[in-house]
Amino acid sequence: MTPGGGGPMKDCEYSQISTHSSSPMESPHKKKKIAARRKWEVFPGRNKFFCNGRIMMARQTGVFYLTLVLILVTSGLFFAFDCPYLAVKITPAIPVVGGILFFFVMGTLLRTSFSDPGVLPRATPDEAADLERQIDIANGTSSGGYRPPPRTREVIINGQTVKLKYCFTCKIFRPPRASHCSLCDNCVERFDHHCPWVGNCVGKRNYRFFYMFILSLSFLTVFIFAFVITHVILRSQQTGFLNALKDSPASVLEAVVCFFSVWSIVGLSGFHTYLISSNQTTNEDIKGSWSNKRGKENYNPYSYGNIITNCCAALCGPVSPSLIDRRGFIQPDTPQPAAPTNGITMYGATQSQSNMAAATPLLQSEPSLTSEELPLPGKTTLGAPCATLSLGQPTPPSSMPNLTSETVLTDMIPLKEEHDGHQFLTPEEAPSPPGMLSTGSPITHSHTLHVLSLASQDSLHEDSVRGLVKLSSV
Amino acid sequence: SGHNLQELRRSASLATKVFVQRDYSDGTICQFQTKFPPELDSRIERQLFEETVKTLNNFYAEAEKIGGSSYLEGCLACATAYFIFLCMETHYEKVLKKISRYIQEQNEKIFAPRGLLLTDPVERGMRVIEISIYEDRCSSGSASSGSSSSSGSSSGGGGGAGGR
């Protein structure tokens, strides 16, 4: 259907002979090649795309593969070694329930990892120019060579004053609750946090998937742990404890993995349940944006007032569509200058031939959005077409910036301290987890300091430190 | 009537663009400011413009409404581990289709005859309603837009940019 598939080969031929002749045969082909590119190929953020734009992930995906391996291996061992015994001895409902949980975990994990978290597309040159004009008027300065003071707008939402910050990368005023993820270099709506375990940001569009993932994973972990213990106990009653362990060695591995996972994952689920019921994001909670400590009149303007409505809104609210049209085709147009400040001089220079009634003349070089083909946003083909899902580049944990905390802590805490990993998003404020996580908090504080000292030693960690600083300054 | 828009693009040149920003005073729901931009003062009646923006705001409120049907959709989707999104169009997407049809209609009937063009906010990240203002290249701005069009389509019904 699309000529994009045969593109590379044609590209080689034509680019070589383009200097010799200008035969009419070439230019339409060249134009066709350029026209056939999809928007994800020129996406300005630091994301990886698979399956021709259907799947979108962060750049560092090594930890995601680790998550996958852990879940698949543990569940696989459970179904292969423990379930036969348990199905016979107790009830065949055990593998059935386990299977349903596993299916749920994988479905939600893949949806969290592969979907667009709510990335805001960058401003078109015209928009950016218009904003700059407005800001200059408001500040009373002309555009000089120095970097102007930080630009903010104030909005009153439900009686609370909220500051909207200007994002210099995306050239937009961030909507309330949006934040710029420095790891992915995108502004994300209702930004919660960047999760290396799922290899993606968690934002407005995939927060519910993320929550269902950790919730179902909690159940699955507890389920497997409980039944592995049951299995070993039942066997020990027949053949003694050591023989039981010898007969099913896989159970030991599963028990170990589950034991260490349970604390962090159940803790994380509890934390996010608290966040959902108070309608806050991890970002806001860590910064204490709506806490009473900032002032008596400080309250959360987005909360609906009662827990049930907050939960329903977060989990059962409408799913907004992706605003970045990943799989749309780039409209062929005259080349545009890269700097958006030239927007004004471009007026009148281009008239596109697009036939869409609602389209503007295309004056931008970055991905412009055509109205999305429906029902595209929800469609991530998780099946056979994704052979291109490259497993060829799993980066080792030590070389990934966002694993700084994990590599530091491998000797201090077990591997899957997922909850603590998320809390390392800011060095300045100690996270204030709710009561049930108090056991984790003293460790968290020392971990934060540890991260800062070791971060300075390795240039690979610069990214994460920058990320930490940026996140805390937002 | 689509000819009008094409004529607009061929015979008129883009003068400037106006951006109607989001109104966040009600929170993060999608609403646009109904404040009338001064640049449009000579091009379109204030009331028509405000009606268009208010209708759009109503559409978006409908799309983002949290209520019985959205709960149903959410619970059903959750129960299927969200696999149902692979084959089902969400309520939001349906409303977006309606919005895009509405904008097309408004462009054809109201805006293009006045030398204006509305861009669907979904193409601008739901941040702005971009309104392109065209100057008619072939005249001082008060003649009909199809006067020197070479497309040959009948332009008898086309109003002029300064048709008021």
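**A walk through chain A**

Start by selecting residues 207-239 and 249-277 of chain A: these are helices α6 and α8, which pack at an angle of about 145° with their axes 8 Å apart. (Helices are DSSP runs of H or I of at least four residues, strands are E runs of at least two, and both are numbered from the N terminus; axes are lines fitted to C-alpha atoms, for helices over the stretch in contact, with angles from 0 to 180 degrees between N-to-C directions.) Colour the contact of α6(A) with α8(A) by class and you'll find 20 nonpolar, 8 polar and 1 charged residues. Here Ala, Val, Leu, Ile, Met, Phe, Trp, Tyr, Cys and Pro count as nonpolar, Asp, Glu, Lys and Arg as charged, and the others, Gly among them, as polar.

A word on what you're viewing: this is a predicted model, where local features need pLDDT of at least 70, side-chain atom pairs count only at pLDDT 80 or more, and totals for chains, interfaces and linings use all residues. Residues are numbered from 1 along each chain as its sequence is written, chains are lettered from A and ligands numbered from 1 in the order written, and side-chain values use heavy atoms, leaving out hydrogens and water.

Next, select 152-157 and 160-167 of chain A, strands β4 and β5, which pair antiparallel over 6 bridges. (Strands pair if DSSP finds at least two bridges between them.) Click T152(A): its bridge partner in β5(A) is K165(A). At the turn of this hairpin, with 2 residues between the strands, N158(A) has a positive phi near 50°.

Follow β5(A) on to β6 (172-173) of chain A, its antiparallel partner over 2 bridges. Y166(A) sits opposite F173(A) there.
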